[in-house]
Amino acid sequence: MHRHTLRLSALLFGLLTSLSLHAQLGDLRNNFSIGFGGGINMSSVSFNPSVKQNSLSGIQGGLCARYISERWFKMLCGAQVEINFSQRGWSEFYKDYPTLVYQRKMNYMEIPFLAHLAFGKEKGLQFFVHLGPQIGFFLSDSETQSGDWNAPANDNINIETTQHSKPLDTKFDYGIVGGGGIELRTKIGNFQAEGRYYYALSDFFDNTKKGYFGRSAHNVIGIRIAYLFDLTK
């Protein structure tokens, strides 16, 4: 496991543990909500050796459940878990060869486990922060490729293509997700608008000495909206 992976995991564990301990001292709540949400992803992949890319757009969405258990001073503390379908991947771009096209769209089922920290009125407008671990399971992928890929070699220019059509070595994905947004809590339900960033700690190609890529990990910026309705208050 990479050294930065251990550091990030330890930091996240310490933060969530600290928040949990503080929340136990707050005013009790019993607010359980369920709902659904979705939006768009702008994704890329961290490769080593590097691959030049533009962001690849995709969709994401699914079900969510949230439980708010405490109010600590002006902060509502709880947890949110989701089950989402998510499209990720990468789109290659070479300035000197604009006709070369390669995109790989990868479909995952992802499950984020989020600490939910909200500030504002319990009925009305709130600002919230989400942070936690996320796991994912690879479902399928598709490729789009066109152009004369022999042209760079004919010009004695090396463009990395080992990743093209290369099957995944690891179909289980994990990392850290965080973000923030606003929520409008009304009598007919709760409406969220949120931006998120996902940083994968796992690689989908073999990263051992026998593997070609030392790093092949997802980076995803997502924008989503969600609707939740309260089952208990």
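**Strand pairing, salt bridges and nonpolar contacts**

Biologist: Phe191 is found in strand E8 (residues 189-200). Is Phe191 buried, partly exposed or exposed?

Modeller: First, this is a predicted model, with local features needing pLDDT of at least 70 and side-chain atom pairs counting only at pLDDT 80 or more, while totals for chains, interfaces and linings use all residues. Residues are numbered from 1 along each chain as its sequence is written, and side-chain values use heavy atoms, leaving out hydrogens and water. On the scale here, buried means under 20% relative accessible area, exposed means over 50%, and partly exposed is in between (1.4 Å probe, protein chains only). Phe191 comes out at 36%, so it counts as partly exposed.

Biologist: Phe191 is also in a nonpolar surface patch. Which element gives the most residues to that patch?

Modeller: Patches take residues with over 30% relative accessible area and no salt bridge, joining like charges within 9 Å and nonpolar side chains (Val, Leu, Ile, Met, Phe, Trp, Tyr) within 5 Å. Areas are Shrake-Rupley values with a 1.4 Å probe, and for residues only the protein chains shown count as cover. This one covers about 740 Å² and is made by Phe119, Leu125, Phe127, Val129, Ile182, Leu184, Ile188 and Phe191; E6 and strand E7 (172-186) are the elements that give two or more residues. With three residues, the top contributor is E6.

Biologist: Over how many bridges do E5 and E6 pair?

Modeller: Strands (E, at least two residues) and helices (H or I, at least four) are DSSP runs numbered from the N terminus, and two strands pair if DSSP finds at least two bridges between them. Within this pair, Arg104 stands opposite Glu143 in E6. E5 (residues 101-120) and E6 (residues 125-146) run antiparallel, and their bridge count is 18.

Biologist: Which residue in the turn of the E5 and E6 hairpin has a positive phi?

Modeller: The hairpin leaves four residues between its two strands. The phi in question is about 140 degrees, and the residue is Gly124.

Biologist: How many bridges join E4 to E5?

Modeller: E4 spans residues 75-92 and runs antiparallel to E5. Two of the facing pairs are Gln87 with Asn107 and Ala79 with Ala115. The bridges joining E4 to E5 number 16.

Biologist: And E3 with E4, how many bridges there?

Modeller: E3 (residues 56-72) is also antiparallel to E4, and Gly61 stands opposite Phe85. Their hairpin has two residues between the strands, with Phe73 taking a positive phi near 55 degrees. The E3 and E4 bridge count is 12.

Biologist: How many of the 18 residues of E4 are buried?

Modeller: Besides the pairings above, E4 is joined by two antiparallel bridges to E2 (residues 53-54), where Gln53 stands opposite Glu92. E4 is largely enclosed by the rest of the structure, because its buried residues number 14.

Biologist: What is the closest N to O distance between Glu110 and Arg88?

Modeller: A salt bridge here is a side-chain nitrogen of Lys or Arg within 4 Å of a carboxyl oxygen of Asp or Glu. Glu110 is buried at 8%, and Arg88 is buried at 1%. Glu110 lies in E5 and Arg88 in E4, so the pair ties together parts 22 residues apart in sequence. The closest N and O atoms are apart by 3.1 Å.

Biologist: Which residue forms a salt bridge with Arg71?

Modeller: Arg71 sits in E3 and its partner in the loop between E5 and E6, so the pair ties together parts 51 residues apart in sequence. At 3.6 Å for the closest N and O atoms, the partner is Glu122.

Biologist: How many salt bridges does a search of the whole structure find?

Modeller: Another one is Arg215 with Asp203, at 3.0 Å from N to O. There's also a network linking Arg66, Lys123, Glu183, Arg185 and Asp230. The search total is 12.

Biologist: What does the disulfide count come to?

Modeller: The rule asks for a pair of cysteine sulfur atoms within 2.5 Å. Cys64 is buried at 5%, and Cys77 is buried at 6%. By that rule the count is zero.
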